[in-house]
Amino acid sequence: MILHRLNVQRGSSRTDWLDSRHTFSFGGFHDRQWMGFGPLRVLNEDRVAAGGGFAPHRHANMEIISYVVQGALQHADSLGSGSIIRTGDVQVISAGSGIEHSEFNASQDDSVHFLQIWIQPDRINATPRYTQQQFPPAQREGVLRLVASPDGVDGSLPIRQDARIYAGLLRAGQSITYPLESARRAWLQLVSGALRIDDDTRMDSGDGAGVSEQSGLQLHAISDCELMLLDLP
């Protein structure tokens with residue numbers, strides 16, 4: 001079964017420095033039919049204008065994964081971590097018992113475009129931790145590159161949930177088959193381009209799809225595309 005979430009169906013928040021699209025209910029956007037997908041609670045696509053950003057704020061008991069599509073995002077937190085995450089970087093904040101952080105566009109000239117994903121953890125009030133990793137295009141071209149997992153296997157970042165997150169870059173005409181284990185589900189988010197799932201459902205930039213009750217999915221790129229796939233319990 002495939003639940004297709006069209007780009008135009010997403011919620012939105014706009015300020016003078018932020019353009020945010022919400023796949024699931026978030027902030028002032030509420031849709032009781034889209035409260036999440038398994039432990040996946042938030043999937044926001046954010047564009048932050050030059051010089052803009054999120055002032056220090058607190059999170060607890062959430063796995064927060066950020067994937068930078070274009071630009072650079074400056075991070076600081078109450079653990080003492082301070083860094084800039086750039087195009088192709090993945091950042092994981094395991095908020096645990098509580099962490100305060102800020103996120104600002106690192107550029108005074110260009111916008112930054114990134115996805116932020118919140119996954120409910122498999123335990124509460126764990127010790128907060130921060131990690132980040134660069135996944136260059138060569139590692140993501142033509143494949144689904146594992147970027148986050150419960151055990152940090154294959155150079156992925158560890159998260160506190162039985163979920164696996166992949167990032168991929170497909171050229172027009174390329175196909176990938178992803179097997180899905182029994183009783184698991186997957187969320188596919190198309191960052192850019194166009195593709196078909198199982199030669200049936202067409203997805204365009206900004207679309208998402210929840211997949212369940214099937215043994216896998218086949219992805220066929222109609223045009224060059226960038227995507228993320230989340231394998232979830």
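User: What makes β13 and β14 count as paired, and in which sense do they pair?

Analyst: This is a predicted model. In it, β13 and β14 (residues 157–158) share two bridges, in the parallel sense. Pairing takes at least two bridges between the strands, so the pair qualifies. Within this pair, Ala-148 stands opposite Leu-157 of β14.

User: How do you know that β13 pairs with β15, and which residue of β15 is the bridge partner of Leu-146?

Analyst: Four bridges join β13 to β15, in the antiparallel sense. The threshold is at least two bridges, so this is a pair as well. Leu-146 has Tyr-166 as its bridge partner in β15.

User: Why is β13 called largely enclosed?

Analyst: Six of its six residues are buried, so the rest of the structure largely encloses β13. Buried here means under 20% relative accessible area.

User: Which elements give two or more residues to the largest nonpolar core, and which residues have the most contacts inside it?

Analyst: The largest nonpolar core has 26 residues. Those with the most contacts inside it are Leu-40, Ile-65, Ile-117, Ile-119, Ile-165, Trp-187 and Leu-230. The elements giving two or more residues are β4 (40–48), β6 (63–70), β9 (89–94), β11 (112–119), β13 (144–149), β15 (164–170), β17 (185–192) and β22 (225–232). A second, separate core has 21 residues, including Ile-176, Leu-190, Ala-221 and Leu-227.

User: What does Leu-40 touch beyond four places away in sequence?

Analyst: Leu-40 touches Phe-24, Ile-117, Trp-118, Ile-119, Trp-187, Leu-230 and Leu-232. In soluble globular proteins, nonpolar side chains tend to be buried together.

User: Why are β16 and β19 placed at the edges of their sheet?

Analyst: The sheet is open, with four strands in the order β16-β21-β18-β19 and antiparallel pairing. β16 (175–179) and β19 (201–204) each have a single partner strand, so one side of each lacks a neighbour in the sheet. Neighbouring strands of this sheet are turned by 25° against each other on average, direction ignored.

User: How do you know that β16 and β21 pair?

Analyst: There are five bridges between β16 and β21 (residues 216–221), in the antiparallel sense. At least two are needed, so the two strands are paired. Tyr-178 has Leu-217 of β21 as its bridge partner.

User: Why is Ser-102 called buried, and what does Ser-102 touch?

Analyst: Ser-102 has a relative accessible area of 11%. The cut-off is under 20%, so Ser-102 is buried. This residue lies in strand β10 (residues 99–105). Ser-102 touches Phe-54, Ala-55, Pro-56, Gln-74, His-75 and Ala-76, leaving aside residues up to four places away in sequence.

User: Why is Trp-17 called partly exposed?

Analyst: Trp-17 has 24% relative accessibility. Buried is under 20% and exposed is over 50%, so Trp-17 falls in between. Trp-17 lies in the loop between β2 (11–14) and β3. Leaving aside residues up to four places away in sequence, Trp-17 touches Arg-47, Val-48, Ala-49, Gly-52, Gly-53 and Phe-54. Trp-17 and Ala-50 are 33 residues apart in sequence, and 7.6 Å apart from C-alpha to C-alpha.

User: What volume does the largest pocket have, and which residues are closest to its centre?

Analyst: The volume of the largest pocket is about 190 Å³. Of its 13 lining residues, Phe-26, Asn-44, Asp-46, Phe-54 and Gln-116 are the closest to the centre. At least two lining residues come from each of β3 (18–22), β4, β5 (53–59) and β11.

Key:
Residues are numbered from 1 along each chain as its sequence is written. This is a predicted model: local features need pLDDT of at least 70, side-chain atom pairs count only at pLDDT 80 or more; totals for chains, interfaces and linings use all residues. Side-chain values use heavy atoms; hydrogens and water are left out. A nonpolar core is a set of buried Ala, Val, Leu, Ile, Met, Phe, Trp, Tyr and Cys residues joined through side-chain atoms within 4.5 Å. Buried means under 20% relative accessible area, exposed over 50%, partly exposed in between (1.4 Å probe, protein chains only). Contact means heavy atoms within 4.5 Å. Axes are lines fitted to C-alpha atoms, for helices over the stretch in contact, and angles run from 0 to 180 degrees between N-to-C directions. On a 1 Å grid over the protein atoms alone, a cavity is a set of points where a 1.4 Å probe fits but cannot get out, and a pocket is an open set with protein on both sides within 12 Å along at least five of seven lines; lining residues have an atom within 4 Å of a point. Grid points are joined across faces, edges and corners, and a volume is the space filled by probe spheres set on the points.
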